[in-house]
Amino acid sequence: MISTKGRYALRVMIDLARQNSEGYIPLKEIAERQKISKKYLEIIVKELVSAKLLKGLSGKGGGYRLSRQPEEYTVGEILEVTEGTLSIVACLVNGAEACPRAEDCDTLPMWSELNQIIHDYFYSKKLVDLL
């Protein structure tokens with residue numbers, strides 16, 4: 001399940017893409033347009049800046065802007081920054097310990113297939129597709 005953090009991150013990215021500005025957009029304006037708590041958005045944009053999906057500038061004239069063009073972002077990369085993983089089951093998370101039952105697991109092929117479908121779907125969608 002995608003949390004509010006992931007959904008709000010997409011809303012912030014869409015909002016900034018719609019502004020189509022070379023300048024920085026104050027977080028207060030984004031929060032007002034999106035009707036999301038500025039305090040909650042501060043947590044989200046910090047993660048997006050750390051992942052280099054956004055650029056941030058403090059002080060007068062500061063705010064946030066996209067670091068790339070909207071067509072260069074995938075929904076998958078945005079969600080993975082805020083959600084951590086899009087894997088449907090724990091044994092398929094990158095870096096997870098090998099499951100001792102993997103060879104005997106009757107459901108693993110189904111989970112693997114669903115995992116791939118979800119990955120392919122979110123990574124095929126671009127930010128520009130959501131505008």
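This is a predicted model: local features need pLDDT of at least 70, side-chain atom pairs count only at pLDDT 80 or more; totals for chains, interfaces and linings use all residues.
Aspartate 15, setting aside its neighbours within four places in sequence, is in contact with Ile30, Arg33 and Gln34, where contact means heavy atoms within 4.5 Å. Aspartate 15 belongs to helix H1, residues 4-19; helices here are DSSP runs of H or I with at least four residues, numbered from the N terminus. At 3% relative accessibility, aspartate 15 counts as buried. The cut-offs are under 20% relative accessible area for buried, over 50% for exposed, and partly exposed in between, with a 1.4 Å probe and protein chains only.

Residues are numbered from 1 along each chain as its sequence is written, and side-chain values use heavy atoms, with hydrogens and water left out.

Let me turn to isoleucine 88. Isoleucine 88 and isoleucine 30 are 58 residues apart in sequence and 31 Å apart in space, C-alpha to C-alpha. Isoleucine 88 sits in the loop between helix H4 (75-83) and helix H5 (108-124). Beyond its neighbours within four places in sequence, isoleucine 88 is in contact with Trp111, Leu114, Asn115 and Ile118.

Conventions
Helices (H or I, at least four residues) and strands (E, at least two) are DSSP runs, numbered from the N terminus.
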